[in-house]
Amino acid sequence: MSQPTVEEFARFFLEEYELASGPIEESDEIPGELLKRAAEVGSYRLTVPAEFGGYGLSVSDYLPYLEAAARGHGSGRMLVHLTNGVWRPLSMFGSADQRDLITGMASGDVVVAFCLTEKAGGTGRDMHSVARRDGTGWRISGEKHLITFADRADHFILVVATDDRRARDSLTAFLVPRDTEGLEVDATQRTMGLHGTGHAWLRYQDIEVADEHRLGALGQGLEVALSFLDYSRVSLSNCMVGLAQRALDEAVAFAKRRVTFGEPIASRQAVQGHIAEMHADVNAGRGLVREAARLCDAGEDYTAAAATAKLFCLNMVGRVTDLSLRVHGGFGYTTDAAIERIYRDARGFWFEEGTAEIQSLVVARHVLGG
Ligand SMILES: Cc1cc2nc3c(=O)[nH]c(=O)nc-3n(C[C@H](O)[C@H](O)[C@H](O)COP(=O)(O)OP(=O)(O)OC[C@H]3O[C@@H](n4cnc5c(N)ncnc54)[C@H](O)[C@@H]3O)c2cc1C
């Protein structure tokens with residue numbers, strides 16, 4: 001399957017996919033036909049290595065594709081963002097059988113969800129999900145929530161505690177098949193925005209999981225999680241840039257067509273100030289994301305650069321969507337305006353894959369030399 005151009009990719013997400021946004025908003029589901037079309041345009045293959053049927057794009061070369069998808073419906077960018085990230089832990093830590101799944105992920109035939117967050121416990125040392133040795137296998141108990149695409153995932157990367165020490169190496173990851181007896185997937189969790197992204201609860205009590213489903217070594221769960229999360233901070237920040245650019249584009253188009261007191265509002269200095277601030281903010285975010293991607297591609301340590309980009313972009317996408325909504329006037333507060341959906345979708349970024357407060361901790365540790 002040949003690699004699409006960025007223009008072809010953008011056309012799919014901003015025209016064909018966008019046409020389905022009304023039904024997705026209402027039903028909270030991505031139509032099956034659209035998922036197939038997303039696979040046909042190569043959405044799931046972009047960063048996947050060639051040995052698994054992917055295009056093997058570097059992070060820097062991938063950014064324009066993801067930004068294009070992020071200008072469209074939130075569920076579309078989530079498809080691209082997640083599938084181009086979640087193969088990484090399988091590639092780095094997986095057994096031969098687990099790595100074989102990556103080919104199916106690239107074609108869209110296999111969906112893998114990443115499961116860390118718990119309602120009862122925190123992440124890391126405070127995790128409540130536990131796995132206990134049972135003969136040659138494991139018994140796993142606990143719950144997760146807010147798991148993206150859990151509604152249709154075939155496998156779950158489950159990070160759980162394998163001892164009570166609450167140490168850095170107390171966590172272990174498992175790649176648990178959906179049909180594991182006793183694993184309940186409750187896809188009734190509804191989110192403010194990002195409709196169609198199938199968030200769900202997972203519940204499991206003493207489920208039996210064979211040792212061959214362990215992903216990585218015993219105690220390596222945190223590394224497995226971070227192999228996804230570090231890269232993902234760059235990818236997610238780029239999604240924020242794409243959505244903020246869309247919010248700006250919507251504000252510009254509206255400001256040019258909305259006439260008050262005989263003049264388009266785009267001719268008013270107050271509105272021009274909003275547009276200029278949004279433009280500067282989006283471009284500053286894009287610059288930080290490109291720098292983090294460059295370091296990542298060069299094999300340098302990019303943890304602090306990725307957290308810096310994410311911290312800035314989290315705040316940036318909030319400011320830009322706020323200003324865009326204001327430029328739209330009351331019309332922007334109605335579901336007839338695209339900014340209404342964009343505004344809701346942007347608020348998900350506050351939490352997705354780690355909050356601003358946690359990015360601040362990472363950045364401060366770097367700046368203070370800790
Ligand atoms: C759209 C969306 C998609 C998601 N997809 C997934 C997914 O696929 N898989 C998955 O596992 N999770 C997913 N999540 C969950 C997300 O990763 C968590 O919501 C996020 O990491 C925050 O964790 P929490 O909700 O437990 O917040 P909490 O940890 O309860 O935090 C609550 C507040 O306290 C602050 N806080 C907490 N600890 C500290 C601290 N030590 N220092 C300072 N402040 C602190 C936080 O910043 C926050 O403001 C998703 C969330 C959203 C919104």
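Predicted model: local features only at pLDDT ≥ 70, side-chain atom pairs only at ≥ 80, totals over all residues.
Local features need pLDDT of at least 70 and side-chain atom pairs count only at pLDDT 80 or more, while totals for chains, interfaces and linings use all residues. Residues are numbered from 1 along each chain as its sequence is written, and side-chain values use heavy atoms, with hydrogens and water left out.

**Helix packing**

Two packed helices are described by the angle between their axes and the distance between the axes. Helices are DSSP runs (H or I, at least four residues), numbered from the N terminus. Axes are lines fitted to C-alpha atoms over the stretch in contact, and angles run from 0 to 180 degrees between N-to-C directions.

Helix α1 (residues 6-19) and helix α4 (residues 59-70) pack at about 20°, their axes 8 Å apart. α1 and α4 are therefore roughly parallel to each other (angles under 35 degrees count as roughly parallel, over 145 as roughly antiparallel). Their crossing is right-handed, the near helix being turned clockwise from the far one by less than a right angle. On the α1 side, the contact (heavy atoms within 4.5 Å) is made by Val 6, Phe 9, Ala 10, Phe 13 and Leu 14, and on the α4 side by Pro 64, Tyr 65, Ala 68 and Ala 69. These residues divide into 9 nonpolar, no polar and no charged. Ala, Val, Leu, Ile, Met, Phe, Trp, Tyr, Cys and Pro count as nonpolar, Asp, Glu, Lys and Arg as charged, and the others, Gly among them, as polar.

α4 also packs with helix α5 (residues 74-83), at an angle of about 155° and with the axes 7 Å apart. α4 and α5 are therefore roughly antiparallel. Here Tyr 62, Leu 66, Ala 69 and Ala 70 of α4 meet Arg 77, Val 80 and His 81 of α5. By class, this contact has 5 nonpolar, 1 polar and 1 charged residue.

The axes of helix α9 (residues 269-297) and helix α10 (residues 303-327) come within 9 Å and cross at roughly 160°, which makes α9 roughly antiparallel to α10. The contact of α9 with α10 has 17 nonpolar, 4 polar and 4 charged residues.

**Ligand surroundings**

Of the 17 residues around the ligand (a heavy atom within 4 Å), Phe 114, Leu 116, Thr 117, Thr 148 and Thr 355 come nearest. The table lists polar contacts, pairs of N or O atoms within 3.5 Å.

| Residue | Residue atom | Ligand atom | Distance |
|---|---|---|---|
| Leu 116 | polar backbone atom | oxygen | 2.7 Å |
| Thr 117 | side-chain N or O atom | nitrogen | 2.6 Å |
| Glu 353 | backbone N or O atom | oxygen | 3.4 Å |

Technical notes: Helix = DSSP H or I, 4+ residues; strand = E, 2+ residues; numbered from the N terminus. Parallel < 35°, antiparallel > 145°, perpendicular 65-115°, else oblique. Polar contact = N/O pair within 3.5 Å; in protein donor to acceptor, adjacent residues only side chain to side chain.
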